[in-house]
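Here's a quick walk through this structure, topic by topic. Have a look at the sequence and the model first, then read on.

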Amino acid sequence: MLNISGIAASAGIAIAKAFRLEHPDYTVTQQTVKNAEAEIAKLDDALAKSQVELERIKENTLKELGAQKAEIFESHLLILNDPELISPVKDMIVNDQVNADYALNETSKQFVSMFENMKSAYLQERAADMKDVTKRILGHLLGLNVQNPAEISEEVIVIAEDLTPSDTAQLNRKYVKGFTTNIGGRTSHSAIMARSLEIPAVVGTKNVLEQVQPGDLVIVDGLEGVIIVNPSDEIVAEYREKQVKYDEQRAEWRKLREEPTVTTDGVHVELAANIGTPNDVAGVLDNGGEGVGLYRTEFLYMGRDKLPSEDVQYNAYKTVLEKMEGKPVVVRTLDIGGDKELPYLDLPKEMNPFLGFRAVRLCLDRTDIFRTQLRALLRASVHGDLRIMFPMIATLVEFRQAKALLEEERENLKNEGTPVAENIQLGIMVEIPSTAVLADQFAKEVDFFSIGTNDLIQYTMAADRMNERVSYLYQPYNPSILRLVDMVIKAAHKEGKWAGMCGEMAGDSVAIPLLLGLGLDEFSMSATSILPARSQISKLSRADMQELAAKALECSTAEEVVALVEAIQV
Amino acid sequence: MEKTFKIVDEDGIHARPATALVNTANKFKSTESFAEANGKRVTLKSILGVLSLGLEKGSTLTLITQGEEEAAALQALEDVMVGEGLGEVNA
């Protein structure tokens, strides 16, 4: 028995015999060819065979995965017939008297290096498409016995160095129970395809292909990112059980995707997702998110060498709002500085970055940066239900200053004739104890609160969450934290406002019953936690949880609180 | 005939709209279509050519049609540019 670890790319458990999908040797050698016509005929024949194959793959993908995933093969077909590729190859065969495979390979290399040298990351990745098409044609030219994943006819786990887009598209879900590769990460092409096919997958194992022989029994644990080769009977039995449990649970969660989140006594709460980029929205909708509770805008500012323009930001916000189709989207304004650095801002190093010049503190000083973001947000507001919140608010004066800047930019845009939505809710993150304690005063002026528990806990406990030696003080269930959360929610409700939470705690199965009892209106978490949370809440009664929360507020330690919650979880 | 566009898509030109442009150009057999940007001209009947222009957001792209159906071809190409959200007509 052998354990190999990798990256969990697609959730689920699969157990089956190994099928090694190996790509043959595509090495080509230069040969002198007298009969150019025969070489060209060979090329045309290989192109025709490739064309038939690609048409079939495209149809198959269209049927299995939909039009969007099939588009890539439409591009492959165009490359196959591209005069800019085929004419130079034929010219080279004639002029240099070389074999077709050599001419093709040389010409293709030029395009690959052209793509690899392009500025845009997107176009750089097109080199992979060029290589994929070239291999397909070469396979026919060289008469190679290319394994066709579409021809697998028994249940298997596919083991490969990597899977090309066309490999993945041909995997038959009926027989391919899971796959694992040497290379790749969570966002690599094969991982994304695995998730849309709902096939368990572990990628980036570095050497699984070298360690597994054809016919070995293999377990793919796409939950933990582990591959087990030739497991003992006991391990197989254990994983079979895990598999059944997971599949049942997933089926149950799936049923809840289009359902609202309602307790047994009919109370509705909103389950939203935390996102970082517009690309994350697909996952939110796929997991039944009722909104975006935290859009971290930092990513727009990171990984570049200058501030993002108003238009770049506007496009990102607009995309998120449009894709969410009218569901609420809470955007947090820039939370940078301190530990999250932007080299181009050239901020001085600080002794206590978490207590330093960051987030709204920086924005109120660098109003040029802040105004650009506010304008982009205001312009995007007409595309959906936009809500704006300011991070790291410690005093009401800070909130008023930030709001005044927003109102100024709203006036400016109106005067320029740019439309802006009238009803943009304006809220704050509650993550500093001073703000939680004074929530009753804040509630008179803000439209909502979103409790940021990660920071609220570290500031309340005075424990740096990056410092492992004090990590025992990161105590979400400490009654002191629960009392602060309780104060914030009560203060909001007293003024008819809503209170949400966007820290890790909101998706935590121990915290959820307590938060429900405390009256939290919106829970924002990572997208994959939404369906499990919805399932949990649908089994709880708000009235019972209110009793539970009242008891928890009177506890003296976090351990007592956990014991209370565990007593009701059957 | 020709018409100039400004690329407005955040990602510049990518495979889907490039595919649509080439497929559209191929429909007009009697007309030659070209794309020109940054001083480079390529045939619109080649997806590799179109992608090789490396168009980014803000780039200027001129589409040129020559032949019997040049007006219809240019109109069809414009529809793709605008319909795919790739570019807008440079006023």
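## Quick briefing

In chain A, 67% of the contacts between residues at least 6 apart in sequence join residues at least 24 apart; two residues are in contact if their C-beta atoms, placed from the backbone, lie within 7 Å. This is a predicted model, where local features need pLDDT of at least 70, side-chain atom pairs count only at pLDDT 80 or more, and totals for chains, interfaces and linings use all residues. Residues are numbered from 1 along each chain as its sequence is written, while chains are lettered from A and ligands numbered from 1 in the order in which they are written.

**Chain A overall**

- Chain A has 23 helices and 17 strands; helices (H or I, at least four residues) and strands (E, at least two) are DSSP runs, numbered from the N terminus.

- Eight strands of chain A make an open sheet with mixed pairing, in the order E1-E8-E7-E3-E4-E5-E6-E2; two strands pair if DSSP finds at least two bridges between them.
- Strands E1 (2-5) and E2 (7-10) of chain A sit at the edges with a single partner strand each, so one side of each has no neighbour in the sheet.
- From one strand to the next, the twist averages 30°; angles run from 0 to 180 degrees between N-to-C directions, and axes are lines fitted to C-alpha atoms, for helices over the stretch in contact.
- Strands E5 (residues 176-181) and E6 (residues 201-203) of chain A pair in the parallel sense over 2 bridges, and Phe179(A) has Ala201(A) in E6(A) as its bridge partner.
- H9(A) packs on this sheet, touching strands E3 (13-20), E7 (217-221) and E8 (226-229) of chain A, and its direction makes about 120° with that of E3(A).

**Zooming in on Tyr239(A)**

- You'll find Tyr239(A) in helix H9 (residues 233-255) of chain A.
- Is Tyr239(A) buried or partly exposed? Tyr239(A) is partly exposed, because 19 other C-beta atoms lie within 10 Å.
- Leaving aside neighbours within four places in sequence, Tyr239(A) is in contact with Ile13(A), Ile15(A) and Ile219(A).
- Asp221(A) is 18 residues from Tyr239(A) in sequence, and 8.5 Å away in space, C-alpha to C-alpha.

**Helices H4 and H5 of chain A**

- The axes of H4 (residues 100-116) and H5 (residues 121-141) of chain A come within 8 Å and cross at roughly 170°.
- That makes the two helices, H4(A) and H5(A), roughly antiparallel, the word used for angles over 145 degrees.
- Their contact has 11 nonpolar, 4 polar and 4 charged residues: Ala, Val, Leu, Ile, Met, Phe, Trp, Tyr, Cys and Pro count as nonpolar, Asp, Glu, Lys and Arg as charged, and the others, Gly among them, as polar.

**Where the chains meet**

- Chain A puts 18 residues in contact with 18 residues of chain B.
- H2(A) gives the largest share of chain A's side, 5 residues.
- By class, that side of chain A has 9 nonpolar, 3 polar and 6 charged residues.

**Chain B's sheet**

- Chain B has an open sheet of 5 strands with antiparallel pairing, in the order E3-E2-E4-E1-E5.
- Its edge strands are E3 (40-43) and E5 (87-89) of chain B, each pairing on one side only.

Conventions
Angles under 35 degrees count as roughly parallel, over 145 as roughly antiparallel, 65 to 115 as roughly perpendicular and the rest as oblique. A residue is buried if 20 or more other C-beta atoms lie within 10 Å of its own, exposed if 12 or fewer, and partly exposed in between; C-beta atoms are placed from the backbone.
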